[in-house]
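Here is a short note to read alongside the model. Take your time, and keep the 3D view open as you go.

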Amino acid sequence: AERTVIIAGGGAVASGARDELIRLGEATGALLSTTINARGLFHGDRFDAGVSGGFASDPAVELFPAADVVVSFGTGMERFVTRRGGLFPDASYVQVDVKPPGPMASGAGADCYVQGDALTVARALRAALESSPARPGYRTEEVAARLADSVDPATFEIEDGRVDPRELCTRLDELLPDNCGWASGNSGHFWAFPITHMRRWRQPLLYASYFGAIGYGVPVGLGATLANGGDPVVVFEGDGGAMMHIQAMETAARYGAHMLVVVLNDGALGAEYHNLVAEGYQPDLSLTPDPDLAGLARHFGCRGAIVDDLDRLPDLVGEFLSGGGPMLVDARVSRTVVS
């Protein structure tokens, strides 16, 4: 292989393979990437390409197609991880997993399948390479500089009284401590912003995408918070999903859950809005005039605030961390920004 991409999934996290996979990447000149279940695992490494698949950054989408080998650890490599094979059109696949071999997203099996624990196999592979010189592969200064570029450089006009959801998530990632867990509801639009723009490793890491339905972010985040030993958890939800389970904030207040709920409120069912616009239809039925979600949270016994200016974030995060109970931030994000 001249250009290898290593992809770590939830199985690599469970086996504690992070450091060994970084060393394997150094020996092979590989880019490091993850599924969303391991998002942030390689944060801080110069050759961390972030998430592979539908949430891949612009630099990763440019670099991945040159790969000639993809080695996955602890993931079934379903269709979203490879964009149905489109991210790695000329690559052979090596799949390492404890599960018995089975078809990948394309329906075909991996070119080479190794049934084994991610940490054990990564260590054995690196040991086998010790007598060989390290390969440069992807690991050039030009590639490192490209990976350091913005993950999404597209520009949008942000209307007054609204904020850019990408910048909001980037700043939250900087402000929240390492021991803050992470949970997100499911959508075809808003969840791309925290997944793509929050790059640090966080545990627990939960996606409430059960049944493909929206609205599970708040209750799943509440469960994660109560099980997190007192450490805080940030929970992301859209305005449509939040309205389905806003009553769970009363339970959060009653139990004193240290949970920061960030509602990315674009005043619409965002996925439906953008799809209707793209297809040339009137999007009126997808609009949801801004309810006072922060006011509802306060009535349920939580702290609540509306954010229409990112300069407020440091004070609000500081207020959340200094107290032990829940807070809901109703972030009025721009509908012009397409995920």
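This is a predicted model: local features need pLDDT of at least 70, side-chain atom pairs count only at pLDDT 80 or more; totals for chains, interfaces and linings use all residues.

1. Let's start with the largest nonpolar core, which has 34 residues; Leu168, Leu172 and Phe236 touch the most other members. Several elements supply at least two residues each, including helix 7 (165-175), strand 9 (233-238) and strand 10 (259-265). Helix 14 gives the most, with four residues.

2. Now zoom in on leucine 168. Setting aside neighbours within four places in sequence, its contacts are Val262, Leu264, Leu310, Leu313, Ala331 and Val333. There is also a second, separate core of 23 residues, with Ala60, Phe64, Ala67 and Met77 among them.

3. Next, the aromatic rings: the structure has five aromatic pairs. In one of them, tryptophan 182 and phenylalanine 236 have ring centres 6.1 Å apart and planes at 45 degrees, so this pair is tilted. Tryptophan 182 belongs to strand 7 (residues 181-185) and phenylalanine 236 to strand 9, so the pair links parts 54 residues apart in sequence. Both residues are buried.

4. Compare that with tryptophan 191 and tyrosine 207, an edge-to-face pair with 6.4 Å between centres and 80 degrees between planes. These two are also buried. Phe55, Trp182, Trp191, Tyr207 and Phe236 make up one aromatic cluster.

5. Arginine 39 sits over the face of tryptophan 182, 4.5 Å from the ring centre.

6. Finally, is serine 33 buried or exposed? With 0% relative accessibility, serine 33 counts as buried. This residue is in strand 2 (residues 31-34).

Notes: Residues are numbered from 1 along each chain as its sequence is written. Side-chain values use heavy atoms; hydrogens and water are left out. Buried means under 20% relative accessible area, exposed over 50%, partly exposed in between (1.4 Å probe, protein chains only). A nonpolar core is a set of buried Ala, Val, Leu, Ile, Met, Phe, Trp, Tyr and Cys residues joined through side-chain atoms within 4.5 Å. Contact means heavy atoms within 4.5 Å. Rings of Phe, Tyr and Trp (its six-membered ring) pair if their centres lie within 6.5 Å; planes under 30 degrees apart count as stacked, over 60 as edge-to-face and the rest as tilted. A charge sits over a ring if NZ of Lys or CZ of Arg is within 6 Å of the ring centre and within 35 degrees of the ring normal.
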